[in-house]
Amino acid sequence: MELFGETLSTGSAIFLLLALGLALSFEFVNGFHDTANAVATVIYTHTLKPMVAVVWSGCWNLIGVLTSTGAVAFGVLALLPVELVLNVGSGAGFAMVFALLIAAIIWNLGTWYLGLPASSSHALIGSIMGVGLANSMLSKGHEFGEGVNWVKAKEVGLSLLISPLVGFVCAAGLLLLMKFLIRNKELYQSPEKDKAPPLWIRGLLVLTCTGVSYGHGSNDGQKGMGLIMLILIGILPATYAVDQSTSQESIQALAADAQAISFQMDRHAIGIAMAGLQAASDDLSAYLKTSGKLEERTYGAIGVKCREISDTLSGKTSLSELTKPQRSLLRSDLYLTSEALGKILKAHKLDDPEEQKSAASLKSHMDKLTKFIPVWVKVAVAIALGLGTMIGWKRIVVTVGEKIGKTHLTYAQGAAAELVAAATILAADKYGLPVSTTHVLSSGVAGTMAANHSGLQMETLRNLLLAWVLTLPVTVLLGAGIFAFVLNVLIRFGIK
Amino acid sequence: MREPELSPIFRRVLLDRGSVLCHHSKKGADKLIMRQKILSWFALPLSQAESAGPRSLAERFAIPHNFPPNLSLPEAMIRVAAAMARILLGSSLFAVWGVFSARVWSSIPSYFWRTAAILPLALLFLIPFTALMAGISAMVRAISPKHR
């Protein structure tokens, strides 16, 4: 049957729609959890009516998602085992998609029903690591832990760990600065029951809410977009493997860069005979594992792949001129070569500055072809996030507004915490790092409470920390367990 | 300085603690607090009336009645299971409906009839989807400890 411009079997079509439904459900649940943080202060301080606030936040989330670069989306996907990313259409690929989505959704829902501001980002990353670990345990010839990109995991872990501390310290500092610069008493009062604050305070709070909503859309929305792209590339490789709207100039520039790099790589691998394309793929896959070592063969494999890419693209005016299998193969070649070049560059293994420059330029050209997100995916994710917000905001609003500090949140505290949260999320977005909106905002509120000498409700802070500490281990276990279970079921049904 | 206004839940926790501390030594009181806390995880939730209050039509839309606040652990587990059932069964229904609709759509040659088929096809999803959601809600109400 015809779906999304490709002919699919009924089974594949059902799997595709089921996986899309689950990915959008993840974003919907993410809306329960995270987007509510953006509207927490404006609703709690009676600055905006709940319905107006969630619609306003939903609109800015949409804008944030639509203008996002996709860097975070592909940063999250880089945590997945390479062999599964390249074979999403296989049984193990299906199991991976289901396991990481279901594990993250279960934890998000559980903590939401108990009113704990746990992080959706931690949940997703934990389940990704769980899938990677289970894959390394279940696959033959793998060492335990090999399936996880530990370098990327460390990078992501650090950003998730540091961002709440940044939120706490900066929000506290900003509140003290505001107290010094703005001497208006109204700003430092708790909201009165059913009474809106003065107009200028409302304006300030709406502005900070807008910033957090935009930042959330541009960072958190990307996690769902990345998962949807993974599903689309796995099941509809002919349509979504490479960006078919790429211009002729870009295609030719990539072909020329790849040709030039292939000569440079060959110079590092003199006397090494490469058996062929498959051997080159195996060498690069082995190098991309955590335990992978850079050898002369790796340079040779990159050279082989670059020549293949250059030959495929030479003389082409559009990527639609390639046959469907060629497009799938091109994607695998581009992905492996780009990731391998990235790892080499990060390890500073290229001494010649000219070589470094051309390798970085080739990587950037390759990423443009494979790391793209269609507009309909962005719109679908934004709608799912917005609907989640409309249903689930209340519980987190109460936690943020009343349960973190011993006194209720003042207007200035709300503004300071949100301003810092928006800035932190947007800065992380720029570097392609996922951060937790929940933790940045909650720690921001806690920081303002500390700076205000309001005192902190230790019980809630303990719950927050508990959710923070437990999220990764629980979702790792859930992800690994569900992956092993689904894989077993698929193998029993003869799907490999 | 303004007296801090406590939420009903927090006020209740403080009152409970105060009464316990008046009657026992510190060590005994700590033990009792811990026991009460553990029991409270499994107890029925606090009265919904305490935190809900009157709501506008818009708020009623934003907070469906199937998400009452202050859930105990067993209730939260039931809600999570129900939400997962909604997600998994809803997504499965969407997948089956999507495949069926794509088949019907591609078998209609006329552009006019294709356009005319959009509404019936949409209803064909919405009606069973609504029934599924209502069925899960009814099941949750039936097994929820509060309603026993």
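Modeller: Let us begin with the partner chain. Chain B has 148 residues, and 28% of them count as buried; here buried means under 20% relative accessible area, exposed over 50% and partly exposed in between (1.4 Å probe, protein chains only). The model is a predicted one, in which local features need pLDDT of at least 70 and side-chain atom pairs count only at pLDDT 80 or more, while totals for chains, interfaces and linings use all residues. Residues are numbered from 1 along each chain as its sequence is written, chains are lettered from A and ligands numbered from 1 in the order in which they are written, and side-chain values use heavy atoms, with hydrogens and water left out.

Chain B contains six helices and zero strands, where helices (H or I, at least four residues) and strands (E, at least two) are DSSP runs numbered from the N terminus. Along its sequence, chain B reads α-α-α-α-α-α. Among the contacts in chain B with a separation of 6 or more, 65% are made by residues 24 or more positions apart; a contact means heavy atoms within 4.5 Å.

We now turn to the part requested, in chain A. The domain assignment of chain A gives domain 1, made of residues 10–238 + 373–492, and domain 2, made of residues 244–370; such bounds come from an automatic or database assignment. Between the C-alpha centres of domain 1 of chain A and domain 2 of chain A there are 34 Å. Where the two meet, 14 residues of domain 1 of chain A are in contact with 14 residues of domain 2 of chain A. The area buried between domain 1 and domain 2 of chain A is about 1,300 Å², and carbon and sulfur atoms give 59% of that area. Buried area is the accessible area (1.4 Å probe) that two parts lose on being put together, summed over both.

Between domain 1 of chain A and domain 2 of chain A, the count of salt bridges is zero; a salt bridge is a side-chain nitrogen of Lys or Arg within 4 Å of a carboxyl oxygen of Asp or Glu. On the side of domain 1 of chain A that touches domain 2 of chain A, the helices α4 (82–86), α7 (150–181) and α10 (237–240) of chain A each supply at least two residues. With three residues, α4(A) gives the most to that side of domain 1 of chain A. The residues on that side of domain 1 of chain A, facing domain 2 of chain A, divide into nine nonpolar, three polar and two charged. In this grouping, Ala, Val, Leu, Ile, Met, Phe, Trp, Tyr, Cys and Pro count as nonpolar, Asp, Glu, Lys and Arg as charged, and the others, Gly among them, as polar.

Over all chains, the rule finds six salt bridges. One of them joins Asp283(A) to Arg297(A), with the closest N and O atoms 3.0 Å apart. Asp283(A) belongs to helix α12 (residues 277–288) of chain A and Arg297(A) to helix α13 (residues 296–313) of chain A, so the pair ties together parts 14 residues apart in sequence. Asp283(A) counts as buried because its relative accessibility is 18%, whereas Arg297(A), at 31%, counts as partly exposed.

Another salt bridge brings together the side chains of Glu339(A) and Lys371(A), at 3.4 Å from N to O. This pair links distant parts of the chain, 32 residues apart: Glu339(A) is in helix α14 (residues 324–346) of chain A, and Lys371(A) is in the loop between α15 (353–370) and α16 (375–403) of chain A. Glu339(A), with 18% relative accessibility, is counted as buried, while Lys371(A), with 26%, is counted as partly exposed.

The side chains of Asp367(A) and Lys363(A) also meet in a salt bridge, at 3.3 Å from N to O. Asp367(A) and Lys363(A) are four residues apart in helix α15 of chain A, so about one helical turn separates them. Both Asp367(A) and Lys363(A) are buried. Through salt bridges that share partners, Glu339(A), Lys363(A), Asp367(A) and Lys371(A) are joined into one network.

Two further residues of chain A complete the picture. Met390(A) lies in helix α16 of chain A and is buried, with a relative accessible area of 18%. Met390(A) and Gly31(A) are 359 residues apart along the chain, yet their C-alpha atoms are separated by 8.1 Å. Val486(A) lies in helix α19 (residues 458–492) of chain A and, at 17% relative accessibility, counts as buried. From Val486(A) to Ser68(A) there are 418 residues in sequence and 33 Å in space, C-alpha to C-alpha.
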